[in-house]
Amino acid sequence: MSDREGSTNAAVNFDGPTKRAFVTGVTGQDGSYLAELLLSKGYEVHGLIRRSSSFNTERIETLYQDPHLEGTRLFLHYGDMSDGSMLARLLTRVQPHEIYHLGAQSHVRVSFDMPEYTADVTGIGTLRLLEAIRETEIPVRFYQAGSSEMFGAAPPPQSERTPFYPRSPYAAAKVYSHWITVNYRESYGLFACNGILFNHESPRRGQTFVTRKISRAVANILSGRQEKLYLGNLDAKRDWGYAPEFVEAMWLMLQHDEPGDYVIATGETHSVREFLDEAFGLVGLDWQSHVEIDPKYYRPAEVDVLLGDASKARDALGWVPKTKFKDLVRIMVEADLEAVGLRDKVLQGVSN
Ligand code: NAP
Ligand code: G4F
């Protein structure tokens, strides 16, 4: 950690043609994949991290250690979306060409418990960053991490033309961030894009989101670490894609000639129940023997069906999803089996 602390305040050489990106939420699922993508394209990446009493940089650890990324330029800066003056100071120092704003309280269920905090960080946090851009007058391109949750109760399929109908404090905060981003584009000519991303998952997905909760449970049950898996609504349907492909769409939006708003989705929807079928089925287990419903995981208002139409992104950006639902589940289950040392043993057993 001492190196990382050093790099946080390291003097940075701003000369030369290298593109600089500033990424909020760099320690999250998407931030880590995006940082990797940008570094592989030769960017200098500056990430915002929160001060924490324990390590929160696990997902970006490899970016320091991977020998193929030797000489990598990843700089981390302490900060928080609740602190606007710090954001402006940081932008002045970093002078980024592109900003990817992913930092947020991103858990829908938690947003019902912490609505005011979620509005502040996930909603007003975006305004603070936009104001920092306006104040510093840096000619930057800006990406806002919008969400399919904004569609909420709107009937599927949902596209850029579908009116928002948010069903949680999180979704309402994201709607605010969406429109304030549009407003800064129209008022100040900022090159600003909203990605409206449908659910995307990976082995790096936070452990309290339903897909990762299930893939970890499969591994934990097989290794004797866990007996039961407690879940909420199994009927909800989501359009689940693969996170590394989705962060590529963020980058593509900022390379386009014109700023715009884009739905990013797979165009397929599956229920939580189907995810259970597939994940437990991969290792020959019957989920019904292990899953129990705990009402505490129900939400005061649910989003029943999300199904995205990403044809605008396909036509304008050339972006198409590649990983199908079954492959996504397999990638996640295999990674969690690997983490408990059971991958080869279990997969051999199932194929015999
Ligand atoms: P995630 O794994 O929960 O990561 C969230 C990131 O935001 C983490 O780096 C977190 O830092 C940081 N953060 C939280 N509160 C903050 C604060 N007060 N100040 C600064 N940073 C803060 O989320 P994700 O899945 O990567 O999603 C990235 C973004 O896309 C989020 O804005 C999310 O709402 C949005 N989104 C996600 C999906 C999806 O399916 N994954 C779909 C649509 C939109 P710590 O590591 O310190 O907690
Ligand atoms: O995995 P989830 O918590 O994801 P959710 O609510 O769809 O939100 C995620 O995707 C959004 C994009 O649409 C992002 F904007 C957001 O930041 C986040 O990444 O829940 C998915 C579904 C819900 O319907 C929920 O009610 O799974 C249901 N579910 C059933 N049991 C559960 C559980 N969700 C969680 N987290 N935990 C459960 O035990």
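In the predicted model, strand 5 provides the largest share of the shell around ligand 1, contributing three residues. Helix 2 (29-40), helix 6 (115-136) and helix 7 (169-188) are, together with strand 5 (141-147), the elements that each give two or more residues to this shell. In total, 25 residues surround ligand 1, and the closest of them are T27, R50, L102, S106 and Y170. When sorted by class, the shell comprises nine nonpolar, eleven polar and five charged residues.

Polar contacts to oxygen atoms of ligand 1 involve both side-chain and backbone atoms of the protein. An N or O atom in the side chain of Y170 lies 2.6 Å from an oxygen atom of the ligand, while a polar backbone atom of D30 is found 2.8 Å from an oxygen atom of ligand 1. A backbone N or O atom of H200 is likewise placed 2.9 Å from an oxygen atom of ligand 1. Taken alone, ligand 1 exposes 900 Å², of which the protein buries 90%.

With regard to domain organisation, the assignment for the protein chain gives domain 1 (20-202 + 241-264) and domain 2 (210-237 + 268-304 + 323-351), and the centres of these two domains, taken over C-alpha atoms, are separated by 28 Å. Twelve residues from domain 1 and 14 residues from domain 2 take part in the contact. Between them the two domains bury about 1,200 Å², with 58% of this area on carbon and sulfur atoms. On the side of domain 1, R109, R167 and Y242 supply 42% of the area buried against domain 2, which is more than any other three residues supply.

Methods
Residues numbered from 1 in each chain as written. Chains lettered and ligands numbered in written order. Predicted model: local features only at pLDDT ≥ 70, side-chain atom pairs only at ≥ 80, totals over all residues. Heavy atoms only, no water. Near = heavy atom within 4 Å. Polar contact = N/O pair within 3.5 Å; in protein donor to acceptor, adjacent residues only side chain to side chain. Areas by Shrake-Rupley, 256 points an atom, 1.4 Å probe, with all protein chains shown as cover. Helix = DSSP H or I, 4+ residues; strand = E, 2+ residues; numbered from the N terminus. Nonpolar A, V, L, I, M, F, W, Y, C, P; charged D, E, K, R; others polar. Domains from an automatic or database assignment. Contact = heavy atoms within 4.5 Å. Buried area = accessible area lost by both parts, 1.4 Å probe.
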